[in-house]
Amino acid sequence: MGDPLFWHRLQFGFTATYHYLFPQLTMGLALVIVVLKAMGLRTSEARYNDAARFWIKIFGINFAIGVVTGIPLEFQFGTNWAAFSRFSGGIIGQTLGMEGMFAFFLESSFLGMLIWGEKKLSPRGHFGAALALWIGSWLSGYFIIATNAFMQHPVGYAVAKDGSLQLASFWAFLLNPWALGQYAHNMIAAVVTASFVVAAMGAFWTLKGIHPVQARLNLRTGTIMGLIFSVLVAFPTGDISGKLVAKYQPITLAAMEGRFESGPRANLTLIGQPDVARRRIENPIQLPAVLSFIAYGSFSSNVKGLLEFPEDQWPQNIELLYYAFHIMAGLGTIMIAVMALAALLLWKGRLDQNRPVLWVLMLAFPFPYIATAAGWAVAEFGRQPWLIYGLLRTIHGGSPTVNAGHTAFTTLGFAGIFVVLSVLWLFLIGREIAHGPVSHSPKA
Amino acid sequence: MEMLWFWLVSVMVAIYVVMDGFDFGAGILHLVVAKTNEERREVLGAIGPLWDGNEVWLLAGGGSMFLAFPKVLAAGFSGFYLAMWLVVWCLMLRGISIEFRSHLEDGLWRRFWDGTFALSSVLLPILFGAALGNVLRGVPIDGSGYFEMALWTDFRMGARPGILDWYTVLIGVFALVTVAAHGALFLAWKTGGAVHERSRGLAMKLWGGVLVLWIVASYATSVVNPDIFHRLPQAPLGWVASLIFLAGLGLVFAGLKRERFLLAFLGSGAFILGLLAASAACVYPVMLKSTLDPQFDLTAINAAVGRHGLQTGLVWWLIGFPIAIAYLAFLFRFNRGKVKAAAEGEGY
């Protein structure tokens with residue numbers, strides 16, 4: 001508790017996890033809104049614009065909380081991780097600066113037009129505002145992922161005389177293979193979150209027997225997008241991310257799977273408990289040789305175990321990493337199954353009458369949130385003990401002049417503010433749902 | 001190249017102060033100039049579409065500093081630790097107040113957010129002004145490149161200065177009154193009716209206060225850090241900046257007198273921009289002055305990253321900056337004319 005680093009890590013992990021509850025929805029919803037507005041323009045049917053109007057309200061509330069919870073993350077680079085900033089600012093400052101310049105200005109300029117401008121703008125103009133928010137938020141996502149990718153797999157840098165990192169190749173840094181893979185995986189996951197939320201809303205209205213036109217449209221949109229993107233998040237993008245880990249962070253892969261011994265035909269553990277003290281996995285249920293195939297594309301490939309690496313390079317919290325990874329992968333599988341079933345029923349025209357499946361759809365919307373948080377936990381715990389993989393250890397990244405008490409104090413401050421924000425969020429979202437979709441046309 | 005980036009960062013920060021300054025000003029004054037719910041919504045309607053974009057200048061300016069002078073960012077942010085978090089919490093509360101205030105048609109709810117909006121809008125310029133005061137006064141950076149400061153000590157200069165001492169608080173108050181005066185002109189320009197009349201009446205008084213505080217703050221600065229004024233004769237950019245802020249001041253009073261409020265508002269923007277640029281010109285190349293020993297100063301030269309990073313940053317900066325200005329122009333054009341309070345359930 002007297003260790004400042006513990007508090008720095010807790011604070012960043014806590015504030016980043018909380019923050020990302022909101023952007024994952026808004027980035028995904030931005031695409032949903034663009035699709036709905038485009039359908040509205042194409043067909044001139046009021047129901048698409050009515051649906052878009054409802055989701056824009058939900059988007060606005062989430063976006064506002066996303067903005068205000070994002071500010072502290074930018075500050076923490078300097079306040080809590082000063083040594084890290086000094087060491088690597090010459091590189092990651094590029095992407096963080098570009099995010100402000102190319103993404104935030106775009107988003108902030110058109111946000112007001114999207115939320116309040118439907119009457120003032122032409123339908124095309126309003127579609128344009130939706131498009132601007134989609135592009136802006138997805139650009140913002142790229143700059144953040146590229147920053148994180150540098151910490152996972154540093155490329156395009158040189159070491160200066162004073163030991164700090166300097167930019168050597170901008171394009172190598174910006175087009176880091178890790179960034180491309182992780183970006184695709186992460187953005188598709190955001191659309192999965194939004195799809196589940198849209199489908200849950202449709203299921204809720206169908207079960208209640210209210211807003212029939214909107215209930216059907218949301219159910220349909222959420223299910224179709226949900227199935228497509230739930231599959232894409234696993235294959236190919238999840239697969240690509242896994243192969244990147246296998247290639248660049250083999251120790252992390254071993255820890256994610258709780259694998260201690262090396263060898264070919266490595267088993268994929270579906271369920272089991274890692275016992276780090278005894279260097280083994282307890283009560284495993286495993287698929288033979290599948291891990292070798294997933295990691296390297298061949299059943300006979302050798303997958304290294306943790307024992308092959310010096311222990312000071314192991315992630316410190318192997319159990320947490322293992323469980324986070326298995327929660328993510330397990331939920332990902334369940335989500336594909338849920339959406340496949342819903343899509344099948346939709347295709348047969350029986351989804352609106354199948355109450356058990358509607359109940360599942362209504363209650364499944366937290367799954368993508370949990371899976372996403374677990375996925376980021378895999379990325380960040382898997383990176384340990386490094387802050388920048390192979391270059392800077394986490395223990396050397398904190399601010400030397402900030403003590404544990406200060407950081408504990410501000411962490412508690414955030415906990416308090418987040419409680420307030422959560423209550424506000426629940427209250428305001430609850431009100432919007434109670435209002436339901438509002439139609440500007442006489443019938444719908 | 002380092003000098004160029006020193007100026008890019010300074011200009012971005014100055015633009016931030018001008019832009020977010022007017023919406024801070026609106027927040028400081030709105031309890032006074034806007035009495036009824038409709039009037040408050042008029043104020044919020046004027047700044048609502050703009051405040052978020054204004055705040056991006058802070059992030060973009062901070063990002064530019066991060067990319068060009070990470071040592072300054074690391075030392076400053078960790079050294080001002082608690083003050084930084086006060087700033088962040090105020091920014092968070094303020095954003096939420098603006099965005100959520102009109103979601104509910106309830107008097108108590110709205111009065112609560114009006115209060116948090118006003119309080120955070122008052123605290124922020126004081127804190128930012130105090131930060132500027134710290135930069136001008138200097139901080140106890142040592143050979144490690146870091147420093148640590150209490151939020152306040154005994155409010156005196158000396159061996160153990162706090163983030164807040166008499167001088168930095170004075171600069172904070174100067175900043176508070178200046179952005180309030182700046183915001184009053186913005187409201188006088190963008191609103192009609194009672195809000196306009198009250199803002200306009202206040203603007204005259206506030207600008208009188210700005211003049212007095214400007215003289216006091218300048219004198220105090222010359223006492224605290226005499227080097228600043230000694231450098232002015234050798235800093236041609238400082239003369240240019242001084243001309244800009246003097247011209248701005250002239251425009252403010254001329255505009256107020258002739259009731260041309262856009263002109264006066266532009267004048268007050270020029271005043272703030274010029275004053276900050278003149279300060280930057282006088283401290284150059286020092287970015288964070290050490291009170292312990294000049295050799296520990298963090299300067300644009302010893303805190304900058306390598307050339308390649310600066311050159312790369314410049315390329316995309318030259319692309320991004322005009323785009324940002326274009327959005328801004330579009331946004332002001334889209335929201336041109338006097339604002340009206342939005343209908344219930346719509347707008348800010």
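This is a predicted model: local features need pLDDT of at least 70, side-chain atom pairs count only at pLDDT 80 or more; totals for chains, interfaces and linings use all residues.
**Stop 1: the whole chain.** Select chain B. Its secondary structure comes to 11 helices and two strands. Follow the chain along the sequence, and the pattern reads α-α-α-α-α-α-α-α-α-α-β-β-α. The radius of gyration is 20 Å, close to the 20 Å that the globule rule gives for 348 residues, so chain B is as compact as a globular protein of that length. Buried residues make up 58% of the chain.

**Stop 2: two crossing helices.** Now select residues 2–33 and 166–190 of chain B, which are helix 1 and helix 6. Their axes come within 7 Å and cross at roughly 80°. That makes helix 1 of chain B roughly perpendicular to helix 6 of chain B. Show the residues in the contact: helix 1 supplies B:Gly21, B:Phe22 and B:Gly25, among others, and helix 6 supplies residues including B:Val179, B:Gly183 and B:Ala184. By class, this contact has 11 nonpolar, four polar and no charged residues.

**Stop 3: one residue.** Which residues does B:Ala184 touch, not counting those up to four places away in sequence? Select B:Gly25, B:Leu29, B:Ser199, B:Leu202, B:Ala203 and B:Leu206. B:Ala184 is also among the residues with the most contacts inside the largest nonpolar core, which has 271 residues.

**Stop 4: the side facing chain A.** Show both chains. Here 53 residues of chain B are in contact with 48 residues of chain A. Color helix 2 (37–68), helix 3 (70–79), helix 4 (81–100) and helix 11 (307–334) of chain B; each supplies at least two residues of this side. By class, the side of chain B that touches chain A has 30 nonpolar, 18 polar and five charged residues.

Technical notes:
Residues are numbered from 1 along each chain as its sequence is written. Chains are lettered from A and ligands numbered from 1 in the order in which they are written. Axes are lines fitted to C-alpha atoms, for helices over the stretch in contact, and angles run from 0 to 180 degrees between N-to-C directions. Helices (H or I, at least four residues) and strands (E, at least two) are DSSP runs, numbered from the N terminus. Angles under 35 degrees count as roughly parallel, over 145 as roughly antiparallel, 65 to 115 as roughly perpendicular and the rest as oblique. Two residues are in contact if their C-beta atoms, placed from the backbone, lie within 7 Å. Ala, Val, Leu, Ile, Met, Phe, Trp, Tyr, Cys and Pro count as nonpolar, Asp, Glu, Lys and Arg as charged, and the others, Gly among them, as polar. A nonpolar core is a set of buried Ala, Val, Leu, Ile, Met, Phe, Trp, Tyr and Cys residues joined through C-beta atoms within 7 Å. A residue is buried if 20 or more other C-beta atoms lie within 10 Å of its own, exposed if 12 or fewer, and partly exposed in between; C-beta atoms are placed from the backbone. The radius of gyration is taken over C-alpha atoms; the globule rule is 2.2 Å times the number of residues to the power 0.38.
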